[in-house]
Amino acid sequence: NNVGEKTGKIYFGSKQGYPEKGETRDMYPGGYVFAYDPKTGETENFGMPKPHHGVISVTPDEARGLCYISTCDDGRPIEHSHFMVLDMKTKTYKDLGDSEHSYAFIVLDNQGRAYHPWRGGTISRYDPNTGKEEKISVTVDGNPPPKEISKDGAILNWDWSPDHKTLWCVEMTTNQLYSFDLAATGAKIPGKSHGKILENAKSTDCRAMCVDKQGKVW
């Protein structure tokens, strides 16, 4: 999701590593957002979104001149992760709040709205046409989401379908593949479970998933 659809530029961020003995996490100055152009070999620096935070997720929307950012402070037991909007022309950031979410991902739907996971199993949706952000609940097979998601967790490991109408995810610990309907018009985003990833596993620790241009989930 970090490749610009118009220019083919690769958008990425820098983040902190693990502190050495005697170091504290707040000693890290902060990460930056970049765009690399493979045609010219040049890299553009969009500055630091938030001091002392790294950048863990970058999703561009070149058609609107925007880029969506998720920061990370590597805090424990709760990570502080801000959902931010970058105006690529002015190189200024708008902070949409702290999701308290680890390993965040950002996707865009077919209307250009940006989605960011939020601690407690909800989703933050930002509409660039109105400049407004809202929190949205989800369902799974018509029911509230599993307790692993709804208590202190969040929906993890996201990717969009080629038409941007479906959000796919492999939540870290539930041993399930899920899809969510981003084109739904109701008050909640309906989701479906597509079965176990590993039939005999008691638990999973899944941190990676992608959807190819044919819509296959890997």
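## Charges over rings

A charge sits over a ring if NZ of Lys or CZ of Arg is within 6 Å of the ring centre and within 35 degrees of the ring normal. Lysine 135 meets this with tryptophan 118: it lies over the face, at 4.2 Å from the ring centre. Lysine 91 has its charged end over the ring of phenylalanine 46, 5.5 Å from the centre.

This is a predicted model: local features need pLDDT of at least 70, side-chain atom pairs count only at pLDDT 80 or more, and totals for chains, interfaces and linings use all residues. Residues are numbered from 1 along each chain as its sequence is written, and side-chain values use heavy atoms, with hydrogens and water left out.

## Aromatic pairs

The structure holds 6 aromatic pairs. Rings of Phe, Tyr and Trp (its six-membered ring) pair if their centres lie within 6.5 Å; planes under 30 degrees apart count as stacked, over 60 as edge-to-face and the rest as tilted. One of the pairs joins tyrosine 11 and phenylalanine 46. It is stacked, at 6.5 Å centre to centre and 25 degrees between the planes. The pair links distant parts of the chain, 35 residues apart. Tyrosine 11 is in strand E1 (residues 10–13), while phenylalanine 46 is in the loop between strand E3 (42–45) and strand E4 (54–61). Strands (E, at least two residues) and helices (H or I, at least four) are DSSP runs, numbered from the N terminus. Both tyrosine 11 and phenylalanine 46 are buried. Buried means under 20% relative accessible area, exposed over 50%, partly exposed in between (1.4 Å probe, protein chains only).

Phenylalanine 12 and phenylalanine 34 also pair. Their ring centres are 5.3 Å apart and their planes stand at 25 degrees, so the pair is stacked. Phenylalanine 12 lies in strand E1 and phenylalanine 34 in strand E2 (residues 33–37), so the pair ties together parts that are 22 residues apart in sequence. Phenylalanine 12 counts as partly exposed because its relative accessibility is 32%. Phenylalanine 34 is buried, with a relative accessible area of 18%. Ring pairs link Phe12, Tyr32 and Phe34 into a cluster.

## Backbone features in loops

The peptide bond from arginine 76 to proline 77 is cis, with omega near 0 degrees. Proline 77 has its place in the loop between strand E5 (66–72) and strand E6 (82–87).

Histidine 164 has a positive phi, near 65 degrees, in a residue other than glycine. It lies in the loop between strand E13 (158–160) and strand E14 (166–170). At 13% relative accessibility, histidine 164 is buried. Asparagine 175 also has a positive phi without being glycine, near 60 degrees. This residue lies in the loop between E14 and strand E15 (176–181). Asparagine 175 counts as buried because its relative accessibility is 5%.

## The five-stranded sheet

An open sheet of 5 strands has the order E12-E16-E15-E14-E13, with mixed pairing. Two strands pair if DSSP finds at least two bridges between them. Strand E12 (138–140) and E13 stand at the edges, each with a single partner strand, so one side of each is left without a neighbour in the sheet. Neighbouring strands are turned by 25 degrees against each other on average, direction ignored. Axes here are lines fitted to C-alpha atoms, for helices over the stretch in contact, and angles run from 0 to 180 degrees between N-to-C directions.

E12 is joined to strand E16 (residues 189–196) by 3 bridges, and the two run parallel. Valine 138 stands opposite isoleucine 189 in E16.
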